[in-house]
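Please go through the briefing below with the sequence and the coordinates open beside it. The points are grouped by topic.

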Amino acid sequence: MNFYSFRPASLDRDHPLNVWDILAALLILGLLAAFALGARNAGASLDQLQRSPITLDPLALPEYAARTTLRMFAAMTISFAFTLVYATIAAKNRRAELILIPLLDILQSVPILGFLTFTVVFFMQLFPGRVLGAECAAVFAIFTSQAWNMTFSLYQSLKTVPGDLREATRSFRLSPLQTFWTLELPFAAPGLVWNAMISMSGGWFFIVAAEAITVGDTTITLPGIGSYVALAIQQQDLGAIGYAIVAMLLVIFLYDQLLFRPIVAWADKFRIDQTAASLPPSSWVLDLFRRTRGLRLLVTPIASLVRACAIIRLPWRKPSRPHTGVVRTRSGDAIFAASIGLFALASLYALYRSFGEGLSLEDVSLAFRLALVTLIRVIVLIVLASLIWVPIGVWIGLRPRMATLVQPIAQFLAAFPANIAFPAAVYLIVSHQGDPDIWLSPLIILGTQWYILFNVIAGTLALPGDLKDAATSLQLSGWTWWRRIIIPGILPHYVTGAITASGGSWNASIVAEVASWGDTRLTANGLGAYIAQATESGDYARVMLGIAMMSAFVVVFNRLVWRPLYDRAARHAVTG
Amino acid sequence: MDEATPIIELSRISRSFPRSRGNDLLVLEDVDLTLRQDEIVGLLGRSGSGKSTLLRIIAGLIEPSSGSAKCRGERIDGPPKGVSLVFQSFALFPWLTVLENVELGMEALGVAKPERRKRSLAAIDLIGLDGFESAYPKELSGGMRQRVGFARALVVHPDLLLMDEPFSALDVLTAETLRTDLIDLWMDRKLPIRAILMVTHNIEEAVLLCDRILVFSSNPGRVAAEIKVNLPHPRNRLHPAFRKLVDSIYARMTQREAPRPARADALATNGVGLKLDHISTNVLSGLIEAVAGEPYHGQADLPALAGALQLEADEMFHIAESLQMLRFAELKEGDLELLDAGKRFAQMETDARKRLFGEHLLRHVPLAGLIRRVLDERPSHTAPAARFRNELEDYMSESYAEETLDTVISWGRYGELFAYDEQAEMFSLDNPV
């Protein structure tokens, strides 16, 4: 059984909110502002965009699905390239690390759907009047949902390469590049592949949101499943929504079976610790490849090419030894910190000039109050989801055979973009005249609750059999059993799942707090709705404010609540 | 290649590591070493004697802080050509097969594939790994894994083979088989190497394999003695000359050394800066009982005792020295002799033992005394662990400070001198009632 427990990278670092975080936040907001400023002048060119007419004909769905998938893979490729460069620099350069890692942490917390506004318009301006701009924007949106956790994963792996293996490569005089290919990347592979898979799942959610987007009075529609769903909502066609759901399920099933499962099973050989009492992940596709001579012949040249790359020796690099007794150049550090600080100040100034003047304190206080409403919504839903999924997860986890059956289903559900199913919920709310403030709320956790289930199952499975036996032999039962054995036993896993779920929920609130069905529009109070409405009316200042507020809430909540909780849970954990 | 040039020449090598607070930590001081062809040299010492650091300086993985290190007459600047390393933890790449692991070093050097394959298979054959070529390391036992480690090091035909405690991660039988195989190949001149330098803390292993043994003292590491072993191979562990040599090295390593200048500051603060080895009180009691009982009656020969209790020499030293520090026993020329308190301790019931242990801890371990004094003086009767940790870090590395603190906590708990809350990291005087 191979229940990985997904672990948000921000948990792995134990530094309190410090000055680098604030600098990082300023830099990111500054970058967004630059996007927005570029976007402001670009309104006119948007009208020139050819709208490709979308049809609700189910026969068009395969093509839409293929286009959507293609965008996904384009984004995945970019994410990988970004990961390799960014993580390597962060891991190898001490000064760069100081700012790059907080940057990443903040980027993870910025609501990606808020980005869309700026990036769409920015890319449209880069390629005025051409579909390419919109395509780039969509791919970029997915990229921003995929890259960060992959980068964190690689960074973490690079920092934790076992010392003896590192010494071995050095004593064999491998060049830095050879070391990267033969040691660092293989060591990072399992984590990277797993995170890529998680990213892919998250990506479906955002592509559906990114294909049909309205900014100000411009609507951009790219042919794809997302646009198909958007049109179906507009025309109140419940049948078409059903087709889209089926198409999506098929796509996810195929990519899971044909691509990711084989890669995960293959990457398992790079795992260092072989101690986990679990069956290695398996894949029938991989087995097919391994056992079939013809298919293997197909792959062998690629494999040897990769291996050849791995041992290329760049003639001008001499194997060096790291300077263990580094003399830290304080003046260099100071110059570095000062220039970062200067950039941050410039960001702050630009932010103020561009947006600050249009906003009053009242706006800030409104955004803050709305953020509190969304915060309450997120907390309540995490609690509700936990009450449902913790007992179920424990029940499944205690039955390994059952867990084997449930695992693929849960992974599958996590990959399914919940926003495709939103219209069905909205339809129900409208037809029963429910209060949107209450009934729209469950939507924000629809897609992310599975992480709680995942992790609870993984945690229960990881409990040593001896402990379970001891509990039985001591005749613990009922509440004592939960309170003394299960809850402390699975807590680190549970917290990990809950933090992922809560992060995803913030993001989802932007699409979930405002939902439409034809002409009917449901709006809940909350920061997500605030950002969504500001986006629609092209009010960049308020979008910026909303994004900044949400990022701040997520970061502070992570640091003040989740991380201490995790540290506490992990301190006495039997299993990590 | 000039045969007369020593393979390795070290002179006045020192190495210190920077610490986050305060002064650098000196781990090696003024070490000279010359290694010539056709000899096996052992670096023997306790943990913390810097012998692994020295090995890594020779391997070109660590730079010395001062002194000169030469390999074949050239300054060592990065891993030198013709030097291979065998690791305690094997350091095999789990995603490469046995053959691929062995080929790795030659791949890095750009050796052509047919040549690579030929030499790898020869090395695999030599080291007794035939039939395992396509296996992954996780499929192999520890002994087989270390054979891969040897094959990987030998395949590049190094002049010098460096071994960092190569047998200490293996069980007793496997380790002995590997040692015998290695020395047989060496004696038959089948190994494509000219000299071996090995780090070990196992005295018998050093005497069994080496032509010359450098005994290291600790804190900072220095060469305390150089011992030539003139016994012919294969050596018999039970031969009187062998035993005599082992006994004499034991005696030398348990000699109480005169306070050295580097530790003067530690002694100036009444010994608070003494490092404690984390030995469980159960082990301490167990050793007292063992020495008090048959056949030792209060006095035991350390090598024999270590053999009977299946303890490594290094572990034995730690336990014996802890007992000596607590004044339950005394080390004399390779013997452990119980003092009166130790003999009484052996006869006592649990509660009385704990009281006696507590008294000795308070009296003879300055750190325990300090903690108790601080707790008594403060009105709240609590004190954060950080207060003592900081003080310890003035005298030793962070990891040693942590170990010392852990030790005093567990000893203090056993002796019921104080209580400790691990979550809050606070010492206190209250005991759960």
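In this predicted model, Asp105(A), Ile106(A) and Ser109(A) of helix α4(A) meet Ser551(A), Val554(A), Val555(A), Arg559(A) and Arg563(A) of helix α23(A), where contact means heavy atoms within 4.5 Å. Local features are given at pLDDT of at least 70 and side-chain atom pairs at pLDDT 80 or more, while totals for chains, interfaces and linings use all residues. Side-chain values use heavy atoms, with hydrogens and water left out, residues are numbered from 1 along each chain as its sequence is written, and chains are lettered from A and ligands numbered from 1 in the order in which they are written.

**Helix packing in chain A**

- Helix α4 (residues 94-109) and helix α23 (residues 540-571) of chain A have axes that come within 8 Å and cross at roughly 110°, which makes α4(A) roughly perpendicular to α23(A).
- Axes here are lines fitted to C-alpha atoms, for helices over the stretch in contact, with angles that run from 0 to 180 degrees between N-to-C directions; angles under 35 degrees count as roughly parallel, over 145 as roughly antiparallel, 65 to 115 as roughly perpendicular and the rest as oblique.
- Helices (H or I, at least four residues) and strands (E, at least two) are DSSP runs numbered from the N terminus.
- By class, the contact of α4(A) with α23(A) has three nonpolar, two polar and three charged residues, with Ala, Val, Leu, Ile, Met, Phe, Trp, Tyr, Cys and Pro counted as nonpolar, Asp, Glu, Lys and Arg as charged, and the others, Gly among them, as polar.
- For helix α8 (residues 176-210) and helix α10 (residues 238-267) of chain A, the axes come within 10 Å and cross at roughly 170°, which makes α8(A) roughly antiparallel to α10(A).
- The contact of α8(A) with α10(A) has 14 nonpolar, one polar and two charged residues; from α8(A) the residues include Pro190(A), Met197(A) and Trp204(A), and from α10(A) they include Met248(A), Tyr255(A) and Arg261(A).

- Leu27(A), which is placed in helix α1 (residues 19-40) of chain A, is 321 residues from Leu348(A) in sequence but 8.2 Å from Leu348(A) in space, C-alpha to C-alpha.
- Neighbours within four places in sequence aside, Leu27(A) is in contact with Ile99(A), Leu103(A), Ile340(A), Phe343(A), Ala344(A) and Ser347(A).
- Glu211(A) and Arg71(A) meet through their side chains in a salt bridge (2.5 Å, N to O), a term that stands for a side-chain nitrogen of Lys or Arg within 4 Å of a carboxyl oxygen of Asp or Glu.
- This pair links distant parts of the chain, 140 residues apart, with Glu211(A) in the loop between α8 and β1 (212-215) and Arg71(A) in helix α3 (residues 61-92) of chain A.
- Over all chains, a search of the whole structure finds 41 salt bridges.

**Interface of chain B and chain A**

- The contact takes 33 residues from chain B and 31 residues from chain A.
- About 3200 Å² is buried between the two chains, of which carbon and sulfur atoms give 53%; buried area is the accessible area (1.4 Å probe) that two parts lose on being put together, summed over both.
- On the side of chain B, Leu61(B), Trp95(B) and Gln423(B) lose the most area to chain A, together 23% of what that side buries.
- The count between the chains is one salt bridge, and Arg56(B) and Glu167(A) meet in a salt bridge through their side chains (2.5 Å, N to O).
- The elements that give two or more residues to the side of chain B that touches chain A are β6 (83-86) and α2 (98-109) of chain B, and α2(B) gives the most, with five residues.

**Backbone geometry in chain B**

- The peptide bond from His233(B) to Pro234(B) is cis, with omega near -10°, and Pro234(B) is placed in the loop between β10 (222-228) and α7 (240-254) of chain B.
- Asp38(B), in the loop between β2 (25-35) and β3 (40-44) of chain B, has a positive phi of about 65° although Asp38(B) is not a glycine.
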